[in-house]
Amino acid sequence: MKKRNAARWLSGVLAAAMVFGTAGSVLADTEEGAESAEENVSPYSGAGYAMDSAYEWKYFQNGDPADGTVAKDKWGQYNGWTRKYGTNAQDSSVYNDTDWETHAGSFDTLDGTLNSESQAYFFRGYFEVEDPSAIEGLHLTFDYKDAAIIYVNGQQLTSLNVPDVGYKTEDTGNGSHKDNLGYGSKDGDTENIRQADVTMRDISEMLVKGQNVIAVELHKTEADSQGYFKFGHLDLHPDTATLPDRDAVKAVSLTIGATPSELNLTWYSLATEGGQVQFAKKSDMTGDAFPEEKAETFEAVETLTQGKVYTSNQATVSGLEEDTEYVYRVGNNGIWSEQVYATKTKSSGDFSFIFAGDPQLGSSGDLDADKDGWRNTLNLIQQDPLFSEVSFIQNAGDHVEAGTSELQYDAYLANYDGSPVYSVPFATAVGNHDYKGTAYNTHFNLPNVSQLGDCGEGNANGDYYYVYNNSLFLVINSNNQSTAEHKEFMRNAINLNPGTDWKFVIFHHSIYSTASHAVDNDILSRRSTLAPVFKELGIDAVLMGHDHVYTRSYMMDGLEPMVEESTDENGEPISEITDPSGIVYITANSASGSKYYEFSSNLEGDYVAVKNQEHVPNISKIDVSENTFRITTYRTSDKSVVDEFTIHKTTNEKPITKTWENDGRGWRLKLSDGTYQTNSWAEINGIWYAFDEKGYMRTGWFLDTNGAWYYLSKSGAMATGWVKVGGTWYYLRESGAMATGWIQTGKTWYYLKDSGAMATGWLQDGGTWYYLKGSGAMATGWVQVGGTWYYLKGSGAMATGWIKLGTTWYYLKGDGAMVSGQSLKINGKMYRFDQSGACVNP
């Protein structure tokens, strides 16, 4: 289904804005009876209209405007026609409406401006925005028949009088089978012209600086119904007193802790400080009252969110007991949430978790429908006995379509009474649609986050790990394509957690899938480097998303499919295996139904054991014990099984003892099986050592296979922190890898050259000049170099031009040198500067 009605939107947004989003709205969708949209002069307006009733619209009425676009044909997105203007037919983010008709005033099948044979009518208009952050809300009016959907820059703003079943296409072709055509309206009224009056708050995230597009889609109730559209106005500066109130607290969610005895929480608040969460055992409650006297309080870390309206509060709750029911509440400055939330920890030992593929809410162009699909999945997890004992939900990434959209994240978090986001922890993986902007970080409070794997765009986290009972979960940010970084992170995490029975890797960009992305160059590149690393590290299973299709690989020996070991005597894929030497790769289909991809016929390699695409949402339940890993994938429509696969382990390796031995040539590490440690690292009593191909302990500089340099002291101990070698200072990260570029230690910034050597003096980086003191510390404020004064901003960047410090103006030349003791003509005016550099006549 694609569209939803106004009443449904109204109840979802006004009754509980946490259910839908930051863009609160007030809708009045009435039949004709008062003045028309053109005559309805806005009582809201504060600064004129962005568009008025005389605006000349572009319109299309002969079929589906999405036909023939790469957005629909390749990616299954029917809303490509609502996106910004562009002429590149291969760019799914733009749409070319050059050939559309134009008209101003009313559009009507009765006067011939609209074709009476058309099923639907499509309109596009443009408006300019100087500063999106200054837009606090909008007021939109128009008259129409019989159902309408409004979009801004490709995102659905709202829908009016659309039937609950929406508009469906045939179950063929590529995509999610939503349709831009079709008849129908919510109330079935074919007689009356309706009036739309929409007021919304916090819509700046939908806007861009410069040209913006608003798109309107109209549907008739029946084939012989009248088609009608008459625009009133778009006001981007309504009186803020007319905008709906914001929620004081929203976006409450649990995320996985570092261990089962911890939980992480996040909530958004209008308050900017004083965030706290209180946890107590449910057994300490008396009636419905929160047991404040017996609750433990945990402090939150506050971060201003990307919209600069809400503050993200993130706290870690520790010391939880297993198999115990808890209640909690969140708050700021001693003002607590009205709702008391509940969760329950599970027992140690065997456990289950949910693996969910790309919800990607908003990708269909119908956020209401995507939200409903995701909510149906969450309700199934929460309410069905089959999933009653799951410990957490591991997501494969792409939670939303637009990583900058708080509206979509609000829909993903599904804050409604009884929602599992309050009670079941989430573990997330960052997808390619998540990592733009900062919302991913401010919504998901994750454990053991590493700098390794940081993608460098937006503010998405680096790799992270967590331990649950007997299993180590390694979640990598595959937007970062540095296999060396991911390998270093995983190796470190594995070495820190040697006692686990299972090692799982989770990331977004599937390297063994069967749909549209399977042959992308970046996917093939990741496959070629990651798969051998997973083999080297002894990973048991890899869980992925991105391709919106279900795929199970053969057992893979690095890059080689183990076909014989993965099939029976008839060549059919097996459903269980004992003590495998390879790795199984699972790609999850959509968990919300927002978007599906079709099978590709150009796969590179024979690696597919099972594939499935039925355009039905899937979730997988994974059961883990000491000796068994079982993944069962279900259709959410009826809980029927798509695929099931089990790994059994019967071997338990005994710990290997290690003994130092010196044969006169050097030190070696002899293992209890008689062999020596070779071509690898070993940790002994908390100290890391590296060994060459003959087993001898390395000293000095060493270039590892991950492309990173390490420094081993004369004792062989791996160095970390600052080290001086040959009169030059270097910095070795906590992992031992030599740092390059900018680093921060404490509150001080340093720059390490490509050679790793610490820089001093002037440095140009990215077109900006910085000054590093003799200690290497980046200078800020005034600094005198060679008798000349310069000013370095708080970022360290050298200032040029006019600067004002306190009440005094200074002028820095193009080379940064401060002007002093002279007069200088600047932009046609003569200025005088005293010996201190202060301008005498600013």
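Modeller: A residue is called exposed when its relative accessible area is over 50%, and buried when that area is under 20%. The model before you is a predicted one. With these cut-offs in hand, K308 is exposed, because its relative accessible area is 62%, whereas T343 is buried, because its value is 7%.

T343 belongs to strand 22, which covers residues 341-344. Setting aside the neighbours within four places in sequence, the residues in contact with T343 are L254, L263, F279, T324, E325, Y326, Y328, Y422 and S423. Two of these partners deserve a further word. L254 stands 89 residues from T343 along the chain, yet the C-alpha atoms of the two are separated by 9.3 Å. As for S423, its backbone oxygen is reached by the side chain of T343 at 2.6 Å.

The chain around T343 may now be described as a whole. The protein chain contains nine helices and 56 strands. Among the contacts in the chain with a separation of 6 or more, 66% are between residues 24 or more positions apart. Of the 842 residues, 58% are buried. The radius of gyration is 30 Å, which agrees with the value near 28 Å that a compact globule of 842 residues would have. Taken along the principal axes, the box filled by the C-alpha atoms is roughly 100 × 90 × 65 Å.

S364 is placed in the loop between strand 23 (351-356) and helix 4 (367-383). S364 counts as buried because its relative accessibility is 1%. Its side chain is joined to that of D370 by a polar contact of 2.7 Å. Between S364 and N479 there are 115 residues of separation in sequence and 23 Å in space, C-alpha to C-alpha. Not counting residues up to four places away in sequence, R526 touches S478, N479, Q481, H509, I511 and A531. R526 is likewise buried, since its relative accessible area is 6%.

Most residues other than glycine have a negative phi, and most peptide bonds are trans. K308, the exposed residue with which this account began, has a positive phi near 60° and is not a glycine. K308 is located in the loop between strand 18 (301-304) and strand 19 (311-317). D202, also not a glycine, has a positive phi of about 55°. The loop that holds D202 runs between strand 11 (194-201) and strand 12 (210-219). D202 counts as buried because its relative accessibility is 12%. The peptide bond between K145 and D146 is cis, with omega about -5°. D146 is found in the loop between strand 8 (137-145) and strand 9 (147-152).

Methods: Residues are numbered from 1 along each chain as its sequence is written. This is a predicted model: local features need pLDDT of at least 70, side-chain atom pairs count only at pLDDT 80 or more; totals for chains, interfaces and linings use all residues. Side-chain values use heavy atoms; hydrogens and water are left out. Helices (H or I, at least four residues) and strands (E, at least two) are DSSP runs, numbered from the N terminus. Buried means under 20% relative accessible area, exposed over 50%, partly exposed in between (1.4 Å probe, protein chains only). Contact means heavy atoms within 4.5 Å. A polar contact is a pair of N or O atoms within 3.5 Å; within protein, one must be able to donate a hydrogen and the other to accept it, and residues adjacent in sequence count only if both atoms are side-chain atoms. The radius of gyration is taken over C-alpha atoms; the globule rule is 2.2 Å times the number of residues to the power 0.38.
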